[in-house]
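Biologist: Could we go through this model together? I would like to begin with the ligand.

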Amino acid sequence: MNGNFVPRSDAVVSVEDRGFVFGDGVYEVVRVIRGRLFATRFHNERLERSLEGIRITLQGEDSPARFVDIGRQLLRENNLLEGEATLYIQVTRGATTRAHYFPPANTPPTVYISVARFAPNTELAERGASAITHPDLRWGRCDLKTLNLLPNVLASQTAKEQGAFEAMLIRDGVVTEGAKTNFFGVVDGTLRTHPCDTHILPGITRSVLRDLAAEINIDVDESPITVDEIPGLSELFLTGTTTDVMPIVQLDGRFVGDGKPGELTRKLQRVLAESLASGGD
Ligand code: PLP
């Protein structure tokens, strides 16, 4: 917490912290397998971009790479070098008297870094999960990983109340992404996903998976899937740092394809699992 190593319960922020008052900050979640951090370069680049996007300047020696190094130390000191874990990094615009415009330039950002034990939901990934569609009520810069997650929170809660794993967000007649995941679907034999623009978060898993797919000659067409195309989907899956490749076998109560995880989905689940098991640094 701001450079001090403290028990999680002792990590406190000011009630005037901009993250607390306005959700004025950004974050990252990194996957850790047996002490190896997965795709840190991509996470560092995205954090850099998110910080720039909301105009937070880090102070002194601070940088995303330094935060990851602190994360490595936390993993060591918390005996998390075996099994799986997640690293969480959050930066807010700091604590100051409440005003919407930025605080004085010398206000230090609040930096919180933590690690936690993690267990992937392998049983659901085997069976396949269900999802619902939900209006995408988010702002115009969904490409930045900000703390402002209220539309995602509300959509996730609606999904949970309906017994679904995820809410697929719909904006202007197309599926953008999930409330906490990216989204791939197979239409007429072609694997498609929403292009990286300001309407989706450029997911690290999405990007890693697209490269892995190319290596085994599976093309990904980055064009949005429209609501009208949903009934014709033969496969559907979600991707995310803590979701891996999650098959969706039921959408809004209707089976996707034959109601079982599809062949392409299975193949991509395998290549991502292999990459996770062998990759990272
Ligand atoms: N889309 C949204 C809205 C997310 O919140 C997340 C992850 O938190 C993702 C996509 C998946 O991104 P990543 O693969 O980097 O975890």
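Predicted model: local features only at pLDDT ≥ 70, side-chain atom pairs only at ≥ 80, totals over all residues.

Biologist: Which residues come nearest to the ligand?

Modeller: There are 17 residues around the ligand, and the nearest are Arg-46, Glu-177, Ile-204, Thr-205 and Thr-241. For Ile-204, a polar backbone atom is 2.8 Å from a ligand oxygen atom. Lys-145 also has a polar side-chain atom 2.9 Å from an oxygen atom of the ligand.

Biologist: What is the make-up of that shell, in terms of nonpolar, polar and charged residues?

Modeller: The shell has nine polar residues, five charged ones and three nonpolar ones.

Biologist: Let us turn to the fold. How many helices and strands are there?

Modeller: The protein has seven helices and 14 strands.

Biologist: How does the radius of gyration compare with that of a compact globule?

Modeller: The two agree, because a compact globule of 281 residues would have a radius of gyration near 19 Å and the protein has 19 Å. Along the principal axes, the C-alpha atoms fill a box of roughly 55 × 40 × 35 Å.

Biologist: What share of the residues is buried?

Modeller: Buried residues account for 52% of the 281. The protein exposes about 13,900 Å², of which carbon and sulfur atoms supply 51%.

Biologist: And what share of the contacts links residues 24 or more positions apart?

Modeller: Counting contacts with a separation of 6 or more, 73% are between residues 24 or more positions apart.

Biologist: With which side chain does the Gln-90 side chain make a polar contact?

Modeller: The partner is the side chain of Tyr-88, at 2.6 Å.

Biologist: Which residues does Gln-90 contact, leaving aside neighbours within four places in sequence?

Modeller: With those neighbours set aside, Gln-90 is in contact with Val-26, Tyr-27, Thr-110, Val-111, Tyr-112 and Leu-147.

Definitions and conventions. Residues numbered from 1 in each chain as written. Heavy atoms only, no water. Near = heavy atom within 4 Å. Polar contact = N/O pair within 3.5 Å; in protein donor to acceptor, adjacent residues only side chain to side chain. Nonpolar A, V, L, I, M, F, W, Y, C, P; charged D, E, K, R; others polar. Helix = DSSP H or I, 4+ residues; strand = E, 2+ residues; numbered from the N terminus. Rg over C-alpha atoms; globule rule 2.2 N^0.38 Å. Buried < 20%, exposed > 50% of the residue type's maximum accessible area, 1.4 Å probe, protein only. Contact = heavy atoms within 4.5 Å. Areas by Shrake-Rupley, 256 points an atom, 1.4 Å probe, with all protein chains shown as cover.
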